[in-house]
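The following paragraphs lead through a protein model, from its overall form to individual residues. Please keep the sequence and the coordinates at hand while reading.

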Amino acid sequence: MSRPQQITVLGATGSIGLSTLDVIARHPDRYQAFALSGFTRLSELFALCVRHLPKYAVVPEAGAARNLQDDLRAAGLSTQVLVGEEGLCQVAAAPEVDAVMAAIVGAAGLRPTLAAVEAGKKILLANKEALVMSGALFMQAVRKSGSVLLPIDSEHNAIFQCMPQDFARGLGNVGVRRILLTASGGPFRQTPMAELAHVSPDQACAHPNWSMGRKISVDSASMMNKGLELIEACWLFDARPSQVEVVIHPQSVIHSLVDYVDGSVLAQLGNPDMRTPIANALAWPERIDSGVAPLDLFAVARLDFEAPDEERFPCLRLARQAAEAGNSAPAMLNAANEVAVAAFLDGRVRYLEIASIIEEVLNLEPVVALDDLDAVFTADATARTLAGQWLTRYGR
């Protein structure tokens, strides 16, 4: 019998990481946790190490590493604790590793995900920022290394399942006309516009269908998450922004669709549970049990669709503009959004000011080519500085 596949989970304490470990635990003969990383929830990371017995754990700084290492030794575990970005890159590229779940939120996930790509690993990509920030460089690295790139976002995984296997030949060459990217519309889809100025972080994080971290929940409320997914879809499937249409579908049962030139539209349906795309990518091209309940169409009863309102969701408009501009624009969009959302969650800015900050940053800085990773991080840093200046100017 062959050994279980060794899986590194970057971002193990987040919702995607926990769902991944749940699927892994259901198939101990097939998968084993090789390394787990955590950022702030270190007591939870300790508990995960006790349960899954990884060879390595990775934490952000040396003091936390010493504390975790002491706790693990006291528990009789041999797990070795590594530190920082260097540790993340080490466990992403380790020779023993078969697949890497890239689920660190934000720009912090880019370097370790690229390290996994350059090592030729199977990449389960939940960190959409890696493609948003450095799409051309990232895809070039994938092609050069021969790494297998499998999308984990429920929408992109749905598109992947609905695409012909040879879609890399070009959408026009395989008969694809459009990608229909579904969105729930989040908690504010029907909120009166006048009330949006006063919504709280807790209201923004109360997603009607999905259980997610606070940052991505705010992005879902503003539909910036869908804008980032639009950019990601363009890179994953070699599509132009005009070939990706966002469709609001409140039930989150259809996860996305692919429209073919012959009039066929293929959709992937399922309960809103991230274990489905995770299991699909882990086992691809096979299928395994994910633990997700079968879809009950009689309970769903109806499927609704509507066009997004860009006055209600200006972040979606800004993301599409950044996708069309290309080059440094998506990296700056992402960085400005991270700063703005963090300020909103801290109570320093209002919900509607998130889009205002992003738009100002994009208008202040010209779009430039990104020829290497240093240029990507320069664009990222510039956008964060400009967003910070907005906060300072308004006393936030």
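Phe305 is placed in the loop between helix 12 (297-300) and helix 13 (314-325); helices (H or I, at least four residues) and strands (E, at least two) are DSSP runs, numbered from the N terminus. The model is a predicted one, in which local features need pLDDT of at least 70 and side-chain atom pairs count only at pLDDT 80 or more, while totals for chains, interfaces and linings use all residues. Residues are numbered from 1 along each chain as its sequence is written, and side-chain values use heavy atoms, with hydrogens and water left out.

Phe305 has a relative accessibility of 44% and therefore counts as partly exposed; buried means under 20% relative accessible area, exposed over 50%, and partly exposed in between (1.4 Å probe, protein chains only). Together with Leu269, Leu297 and Leu303, Phe305 forms a nonpolar patch on the surface, with about 350 Å² of accessible area in total. Patches consist of residues with over 30% relative accessible area and no salt bridge, where like charges are joined within 9 Å and nonpolar side chains (Val, Leu, Ile, Met, Phe, Trp, Tyr) within 5 Å. A salt bridge is a side-chain nitrogen of Lys or Arg within 4 Å of a carboxyl oxygen of Asp or Glu. Accessible areas come from the Shrake-Rupley method with a 1.4 Å probe, and for residues only the protein chains shown count as cover.

At the level of the whole chain, the secondary structure comes to 16 helices and 11 strands. A compact globule of 396 residues would have a radius of gyration near 21 Å, and the chain agrees with this at 21 Å; the radius is taken over C-alpha atoms, and the globule rule is 2.2 Å times the number of residues to the power 0.38. Along the principal axes, the C-alpha atoms fill a box of roughly 55 × 55 × 45 Å. Buried residues account for 55% of the 396 residues. The chain exposes about 16,900 Å², of which carbon and sulfur atoms supply 51%. Of the contacts (heavy atoms within 4.5 Å) between residues at least 6 apart in sequence, 70% join residues at least 24 apart.

Which residues surround Lys128, apart from its neighbours within four places in sequence? Lys128 is in contact with Asp153, Ile216, Asn225, Leu228, Glu229 and Glu232. Lys128 is found in the loop between strand 6 (122-125) and helix 6 (129-145), and at 3% relative accessibility this lysine counts as buried.

The aromatic residues come next. The whole structure holds 7 aromatic pairs. In one of them, the ring centres of Phe160 and Phe167 are 6.3 Å apart and the planes stand at 85°, so the pair is edge-to-face. Rings of Phe, Tyr and Trp (its six-membered ring) pair if their centres lie within 6.5 Å; planes under 30 degrees apart count as stacked, over 60 as edge-to-face and the rest as tilted. Phe160 is buried at 15% relative accessibility, as is Phe167 at 14%. Phe160, Phe167, Phe237 and Trp284 form one aromatic cluster. Trp284 is also joined to Pro285 by a cis peptide bond, with omega about 10°. Pro285 lies in the loop between helix 11 (275-283) and helix 12.

Two further loop residues concern the backbone. Leu53, in the loop between helix 2 (42-52) and strand 3 (56-59), has phi near 50°, a positive value in a residue other than glycine. Asn327, in the loop between helix 13 and helix 14 (329-345), likewise has a positive phi near 50°.
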